[in-house]
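Here is a short briefing for a first look. Keep the structure open beside the text.

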Amino acid sequence: YGVSMGAASVMMCADVEGYPIRAIIEDCGFSTLKGQLTHIVKRMVPKVPSGFLIFCLSLVLKIKAGYRISDVDCMKHISHARVPMLFLHGDHDSFISMHMMEDLYAVCPGQKEKMIIKGGRHASNDKLRPEEYWQCINDFLENIRWFSSSENHFFLMCWCIIKSSERGPGYENQYSVSFVSMSDWRCRWSL
């Protein structure tokens, strides 16, 4: 499960063998980093040639991090996906265009589902229509037979973000992230 850049990260694992991945749920992920950066540059600085900026950024990335912008290609990984996938995207997402989700969905060869959240914006779909959002995820997992009667606990990457101001002074603007068991909602671990 991943949202935005997290969605891109989980999609990059869609074709990797040997990982214990049983399904991927992506919410508002991009198809390629180059396409996403082009979209952002054209929108934010329309008079500057996007190709030049992206080339410079890719060069710096290659030197500093060891990879190029073109290496971050979710389409390539999704086209060889080995696990069922659920694609979620808001129809009012102005940061990552919904056509990227449609492109990803089109190239995914295996079992797949999608949900377009009416009025949904970037990385906020679970807050806009939480019941509908989580029911869609639950239905998807049931459809792929994720749940098993022999399994006592179901561990989905369901992140429970808790405002840390409850921990005392100095934590007012910090959040903790907890992994939650969907079957019994008990906290398993925290960061």
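Lysine 114 lies over the face of tyrosine 105, at 4.7 Å from the ring centre. Lysine 112 also lies over the face of tyrosine 105, at 4.6 Å from the ring centre. The model shown is predicted.

**Aromatic pairs**

- How many aromatic pairs does the count come to? The count comes to three.
- A pair of aromatic rings is described by the distance of the centres and the angle of the planes.
- Phenylalanine 87 pairs with tyrosine 105 in an edge-to-face arrangement. The centres are 5.7 Å apart, with 80° between the planes.
- Phenylalanine 87 belongs to strand S3 and tyrosine 105 to helix H5, so this pair ties together parts 18 residues apart in sequence.
- Phenylalanine 87 has a relative accessible area of 0%, and is buried.
- Tyrosine 133 and tryptophan 134 also form an edge-to-face pair. Here the figures are 5.0 Å centre to centre and 80° between the planes.
- Is tyrosine 133 buried or exposed? Tyrosine 133 counts as buried, at 0% relative accessibility.
- Tryptophan 134 counts as partly exposed, at 28% relative accessibility.
- Tyr1, Tyr133 and Trp134 are linked into a cluster by ring pairs.

**The sheet**

- Four strands make an open sheet in the order S1-S2-S3-S4. The pairing is parallel.
- Why is one side of S1 and of S4 left without a neighbour in the sheet? Strand S1 (2-3) and strand S4 (112-117) stand at the edges, and each has a single partner strand, so one side of each has no neighbour there.
- Strand S3 covers residues 85-90. Six bridges join S3 to S4, and the two run parallel.
- Histidine 89 has isoleucine 116 in S4 as its bridge partner.

**Helices on the sheet**

- Helix H5 spans residues 98-107 and packs on the sheet. Helix H5 touches strand S2 (24-27), S3 and S4.
- The direction of H5 makes about 165° with that of S4.
- Helix H7 covers residues 130-143 and lies across S2, S3 and S4. Helix H7 runs at about 165° to S3.

**The chain as a whole**

- The chain has seven helices and seven strands.
- In what order do the elements run from the N terminus on? They run β-α-β-α-α-α-β-α-β-α-α-β-β-β.
- The chain has 191 residues, and buried residues make up 36% of them.

- Where is aspartate 91? Aspartate 91 sits in the loop between S3 and H5.
- Aspartate 91 counts as partly exposed, at 30% relative accessibility.
- Leaving aside neighbours within four places in sequence, aspartate 91 is in contact with Met98, Ile116, Ile117, Lys118, Gly119 and Gly120.
- Aspartate 91 and isoleucine 116 are 25 residues apart in sequence. In space, they are 6.2 Å apart, C-alpha to C-alpha.

**Two residues with positive phi**

- Serine 4 is in the loop between S1 and helix H1 (5-11). Phi of serine 4 is near 60°, a positive value in a residue other than glycine.
- Serine 4 has a relative accessible area of 16% and is buried. The cut-off for buried is under 20%.
- Cysteine 28 is in the loop between S2 and helix H2 (33-44). Phi of cysteine 28 is near 55°, again a positive value in a residue other than glycine.
- Cysteine 28 counts as buried, at 0% relative accessibility.

- Glutamate 17 is in the loop between H1 and S2.
- Is glutamate 17 buried or exposed? Glutamate 17 is exposed, with a relative accessible area of 61%.
- Glutamate 17 and alanine 81 are 64 residues apart in sequence. Their C-alpha atoms are 10.0 Å apart in space.

Key
Residues are numbered from 1 along each chain as its sequence is written. This is a predicted model: local features need pLDDT of at least 70, side-chain atom pairs count only at pLDDT 80 or more; totals for chains, interfaces and linings use all residues. Side-chain values use heavy atoms; hydrogens and water are left out. Two strands pair if DSSP finds at least two bridges between them. Contact means heavy atoms within 4.5 Å. Axes are lines fitted to C-alpha atoms, for helices over the stretch in contact, and angles run from 0 to 180 degrees between N-to-C directions. Rings of Phe, Tyr and Trp (its six-membered ring) pair if their centres lie within 6.5 Å; planes under 30 degrees apart count as stacked, over 60 as edge-to-face and the rest as tilted. Buried means under 20% relative accessible area, exposed over 50%, partly exposed in between (1.4 Å probe, protein chains only). A charge sits over a ring if NZ of Lys or CZ of Arg is within 6 Å of the ring centre and within 35 degrees of the ring normal.
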